[in-house]
Each structure stands twice: as structure tokens, then as C-alpha cells.
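Subject: Structure handover

Hi there,

Here is the structure I promised to pass on to you.

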Amino acid sequence: MSLAKENVENLVISARNARENAYAPYSGFRVGAAVMCNSGKVYTGCNVENASYGLSMCAERVAIYKAVSDGEKHIEAIAIVTDTDEPASPCGACLQIIAEFSQGSDPEIITSNLNLEYETKRLSDYLPKPFYLRK
Ligand code: THU
């Protein structure tokens, strides 16, 4: 499944708005994310840091966990916005979390700067072989 251009841009704008709430007093690096679930609903997140640095949480995971706590299990697409010239890739931990809620599909990952200059890839472009628990 591929999102239409209008939906991609709306998702990026949602992520850009969520970035306004980033709590990043330690790194100064503010991130916003927005996930589109297969229900059609959008959930947003921002990074939330802590004085105990290792407790900080990425914007992508905040958005995904909000979706999951609302009963969502399937991510179709995620947009990530940073104030960088080149769009920033999601970290490895977030890629593994996206894989967990991909339901065998290959979610779109849209990375953008503040000017809506974005790049669209797939989870498999970043993480071709995620870990899945097979018994
Ligand atoms: N960060 C994210 O929110 N998403 C990522 O994919 C990578 C990093 C945040 C974590 C921390 O608050 C700040 O960016 C600097 O690492």
C-alpha cells in the first residue's frame, strides 16, 4: 500500500506540529512523528527526554505506543520530522518497533525537514531482516 501525495503531506504536517511539543532540553534535537494505522487513524508523538539521559524516548515510539494503547496493531506509514537539511533516519530501536507492528506489510517511512522536503522509503530499505520471535 502507498499513501497518496496529499496523505503523505498531511502526515508530515501532523509530525511537524507534534514536534512543537518535543521535550528535548538535553540534546536540543527536536523530533516529531505521526503514524497512519490501517484503521485510517493518525497518532502523533514527539521525543521526550529525561535528566537520566538513557530514559529518553524517541518520537516514533511515543507515536506508536499511543496507537497501540488505543487498540491499533498495524502501521501503514510513519512520518518523522527534524530540523535538518537532510531528513534524519529513524534509529535502529524504532525500526524494530515499527517491524513489530507491520503485520507482514512493509510500512512507508517518510522522513522530512521543516520545509516539507521529504523522502519516502520502506521499512525494508532500512531494516531488511527484522527480528521476529519464531518458536
Ligand atoms: N530521537 C528520536 O526522537 N528519534 C530517532 O529516531 C532518533 C533520535 C531523539 C532521541 C533524543 O531525544 C534526541 O533525538 C537526540 O538523540
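There is one cavity of 30 Å³ or more in this model, which is a predicted one. The largest cavity holds about 30 Å³ of space. Around that space you will find C37, I64, A67, V68, E72, K73, H74, I75 and F101. By class, this lining is made up of six nonpolar residues, one polar residue and two charged ones. Which helix gives the most to the lining of the largest cavity? That is α2, covering residues 59–69, with three residues.

Helix α2 turns up again in the largest pocket, where α2 and β3 (75–82) each supply at least two residues of the lining. The volume of the largest pocket is about 170 Å³. Its lining consists of 15 residues, and those nearest the centre of the pocket are F29, V31, C58, A59 and E60. Sorted by class, the pocket lining has nine nonpolar residues, four polar and two charged.

Where does the ligand sit? You will find the ligand in the largest pocket. The residues surrounding the ligand are S27, F29, V31, N47, E49, C58, A59, E60, P90 and C91. This shell divides into six nonpolar, two polar and two charged residues.

- N47 has a polar side-chain atom 2.9 Å from a ligand oxygen.
- E49 places a polar side-chain atom 2.5 Å from an oxygen atom of the ligand.
- E60 has a side-chain N or O atom 2.6 Å from an oxygen atom of the ligand.

How much of the ligand's accessible area does the protein cover? On its own, the ligand has 380 Å² of accessible area, and the protein covers 75% of that.

Best wishes

Notes. Residues are numbered from 1 along each chain as its sequence is written. This is a predicted model: local features need pLDDT of at least 70, side-chain atom pairs count only at pLDDT 80 or more; totals for chains, interfaces and linings use all residues. Side-chain values use heavy atoms; hydrogens and water are left out. A residue is near a molecule or strand if one of its heavy atoms lies within 4 Å of it. A polar contact is a pair of N or O atoms within 3.5 Å; within protein, one must be able to donate a hydrogen and the other to accept it, and residues adjacent in sequence count only if both atoms are side-chain atoms. Accessible areas come from the Shrake-Rupley method with a 1.4 Å probe; for residues, only the protein chains shown count as cover. On a 1 Å grid over the protein atoms alone, a cavity is a set of points where a 1.4 Å probe fits but cannot get out, and a pocket is an open set with protein on both sides within 12 Å along at least five of seven lines; lining residues have an atom within 4 Å of a point. A molecule sits in a cavity or pocket if more than half of its atoms lie within 2 Å of its grid points. Ala, Val, Leu, Ile, Met, Phe, Trp, Tyr, Cys and Pro count as nonpolar, Asp, Glu, Lys and Arg as charged, and the others, Gly among them, as polar. Grid points are joined across faces, edges and corners, and a volume is the space filled by probe spheres set on the points. Helices (H or I, at least four residues) and strands (E, at least two) are DSSP runs, numbered from the N terminus.
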